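Please keep the sequence and the model in view while reading.

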Amino acid sequence: MPDIGAEANTDSAISISGLEFAHGNRPVLNGINLEIPKGVSFGVLGANGAGKTTLIKMLIGRLKPDGGSALISGQQPGPELADSVGYIPQLNALYEALSVRENLNFFARMLGLSDKSHRIKAVERAMELVGLSDRADSVITGLSGGMRQRVSLGAALVHEPQLLLLDEPTVGLDPELRATFWQHFKEMTDSGVTILISSHTMDDAAHCDTLGFMRDGVFIATGTPDELRRSTGKPDSSLEDAFLHLSKASA
Amino acid sequence: MSFDRKLAIATRIAKEIRRDRRSLAMIIGAPVIVMSLIGFSFQEQKPVLNQVAPALIATMSMFFVFVLTGISFLRERSQGTLERLLSTAVSRSDLLVGYLAGFLLFALIQSIIILMYTLFVVDVEYSGNIWDIVFILLMVTVTSVSMGIFVSTFAKNEFQVVQFIPLILAPQIFLSGVILPTSQLPGYFQTISGVLPLTYANRALRDIMLRGASLSDVSTEIGVLVLFAVAMLTAAALTVRKT
């Protein structure tokens with residue numbers, strides 16, 4: 001794998017070594033190695049079925065590896081780390097009959113914010129962060145797709161996690177909302193939060209500090225967007241060109 | 001394991017069901033319609049109705065509660081919220097106890113509607129203490145809620161849950177003494193009958209409603225129903241995190 005610009009970091013937020021996983025007889029992850037330092041946004045780019053969601057499910061502890069290891073701040077993923085990890089699944093995964101505030105309040109309780117006064121503040125802060133304070137009492141069924149995505153993001157960061165695992169959180173968002181999301185993500189990484197985001201759009205890729213191109217369950221290249229663009233050898237290459245170039249080279 | 005998480009799950013479920021007006025109407029209306037149909041079709045043969053009523057009450061309670069819980073729990077999976085819940089520090093017992101408490105209220109309301117409607121509108125004659133009957137129905141409800149959760153962990157969609165209804169409930173209806181007394185079943189079916197919760201619920205309700213037995217008279221049946229409830233809850237707990 002061309003490991004462009006990536007360096008091993010002893011203070012890694014995520015440390016993956018030789019990670020393997022198969023669904024039955026079908027291999028999904030084929031020996032992934034990855035180090036993500038704290039306070040960066042790392043984009044996992046790849047086509048549908050490349051193994052992005054499986055990788056994230058391993059990092060939240062929902063799937064156990066068949067081989068190798070995946071560590072978060074040196075610890076095995078699982079419920080013990082839930083208070084420091086935020087997760088957005090591919091589906092919005094919200095309770096449609098409940099309001100924005102009720103959803104965030106519920107997930108805050110699940111994430112261990114049992115003190116009511118602390119939780120109320122956390123929920124208000126999360127709603128403010130995703131720009132939904134004025135829709136706090138709106139029921140989810142009455143919200144647009146973009147607003148639901150924002151609620152989903154709010155539910156993932158209500159407990160102020162140090163690591164955010166986002167599985168295609170920008171799918172279906174309009175460009176304006178996508179920019180707003182990335183503004184949030186930038187502010188979070190500036191404050192030391194690590195973000196791993198899976199996507200199959202190059203638009204998201206351009207916003208990430210570092211990227212990993214994934215194909216058939218392995219990273220075919222990692223590096224900054226600029227480093228990956230330069231890998232094609234052409235000065236005006238896009239990330240899409242780089243992905244296609246590296247994908248072809250690895251086939 | 002946390003009391004706050006259990007309480008949060010239970011109150012959330014109650015809130016969701018309360019806000020779904022149509023489902024709420026069905027929870028109340030469907031048992032009334034079904035019991036009316038069965039009850040009033042037996043109006044010319046009241047002694048027969050009095051004989052079958054205990055088994056009918058237990059069977060209908062189990063049926064409606066099983067369907068309510070099975071479908072509701074599956075919805076949690078299909079909308080992705082279970083996946084999200086399982087990424088938090090929520091434990092199996094938080095999930096199961098929270099669900100049980102959340103559904104129990106509505107399931108119990110449904111069971112009590114079936115009972116009251118059968119006793120006071122369809123006008124089935126009974127002896128024994130009505131609170132003893134309610135207690136046995138509570139046991140049936142707890143077992144059915146646990147069974148609904150357990151079975152829904154094996155289904156990927158609503159269609160599959162519906163397929164489980166005849167698979168789980170039909171043997172109980174045919175082999176628990178609802179149609180034929182268990183003593184008249186072939187030997188191998190009597191063995192199967194001995195491991196079905198509805199057999200014990202029917203037996204206890206018959207003893208109370210037809211013979212005026214007390215709870216202590218049916219303590220064996222209660223013990224077996226408690227065992228079933230615990231076994232189903234344990235089985236649900238073991239499978240829920242693997243979904």
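Two residues are taken to be in contact if their C-beta atoms, placed from the backbone, lie within 7 Å. The model is a predicted one, and by that criterion the contact between its two chains takes 19 residues from chain A and 20 residues from chain B. On the side of chain A that touches chain B, the largest share comes from α2(A), which supplies three residues.

Chain A is built from eight helices and nine strands. Its radius of gyration is 18 Å, close to the 18 Å that the globule rule gives for 251 residues, so chain A is as compact as a globular protein of that length. If the contacts in chain A with a separation of 6 or more are considered, 68% of them are accounted for by residues 24 or more positions apart.

The domain assignment divides chain A into domain 1, which takes in residues 1-73 + 163-251, and domain 2, which covers residues 94-161. The centres of domain 1 and domain 2 of chain A, taken over C-alpha atoms, are separated by 27 Å, and the contact takes nine residues from domain 1 of chain A and eight residues from domain 2 of chain A. On the side of domain 1 of chain A that touches domain 2 of chain A, β6 (163-167) and α5 (175-190) of chain A each supply at least two residues, and α5(A) gives the most, with three residues. The residues of that side of domain 1 divide into six nonpolar, two polar and one charged.

One residue of chain A deserves a separate look for its backbone. A:S73 lies in the loop between β4 (67-72) and β5 (85-88) of chain A, and its phi is near 45°, a positive value in a residue other than glycine. With 16 other C-beta atoms within 10 Å, A:S73 is partly exposed.

Chain B, by its elements, has ten helices and zero strands. For its 243 residues a compact globule would have a radius of gyration near 18 Å, and chain B has 18 Å, which agrees. The C-alpha trace of chain B spans about 55 × 40 × 35 Å along its principal axes, while 45% of the 243 residues of chain B count as buried. Among the contacts in chain B with a separation of 6 or more, residues 24 or more positions apart account for 82%.

Helix α1 of chain B, residues 3-19, can be followed from its length to its packing. At 1.5 Å a residue its 17 residues should span 24 Å, and the end C-alpha atoms of the helix are 24 Å apart, which agrees. The buried residues of α1(B) are B:R5, B:K6, B:A8, B:I9, B:R12 and B:I13. Seen down the axis of α1(B), these buried residues fall within an arc of 165°, so they line one face of the helix. What they pack against is α2 (100-110) of chain A together with α5 (92-121) of chain B.

Further along chain B, B:A204 has its place in helix α9, residues 197-211. Is B:A204 buried or exposed? A residue counts as buried if 20 or more other C-beta atoms lie within 10 Å of its own, and B:A204 has 29 other C-beta atoms within 10 Å, so it is buried. Leaving aside the neighbours within four places in sequence, B:A204 is in contact with B:I136, B:V218, B:E221 and B:I222. The C-alpha atoms of B:A204 and B:T11, which are 193 residues apart along the chain, are separated by 32 Å.

A last stop in chain B is B:D123, in the loop between α5 and α6 (130-152) of chain B. Phi of B:D123 is near 65°, a positive value in a residue other than glycine, and with 13 C-beta neighbours inside 10 Å, B:D123 counts as partly exposed.

How values were computed
Residues are numbered from 1 along each chain as its sequence is written. Chains are lettered from A and ligands numbered from 1 in the order in which they are written. This is a predicted model: local features need pLDDT of at least 70, side-chain atom pairs count only at pLDDT 80 or more; totals for chains, interfaces and linings use all residues. Helices (H or I, at least four residues) and strands (E, at least two) are DSSP runs, numbered from the N terminus. The expected span of a helix is 1.5 Å times one less than its number of residues. A residue is buried if 20 or more other C-beta atoms lie within 10 Å of its own, exposed if 12 or fewer, and partly exposed in between; C-beta atoms are placed from the backbone. The arc is that of the directions from the helix axis to the C-beta atoms. The radius of gyration is taken over C-alpha atoms; the globule rule is 2.2 Å times the number of residues to the power 0.38. Domain bounds come from an automatic or database domain assignment. Ala, Val, Leu, Ile, Met, Phe, Trp, Tyr, Cys and Pro count as nonpolar, Asp, Glu, Lys and Arg as charged, and the others, Gly among them, as polar.
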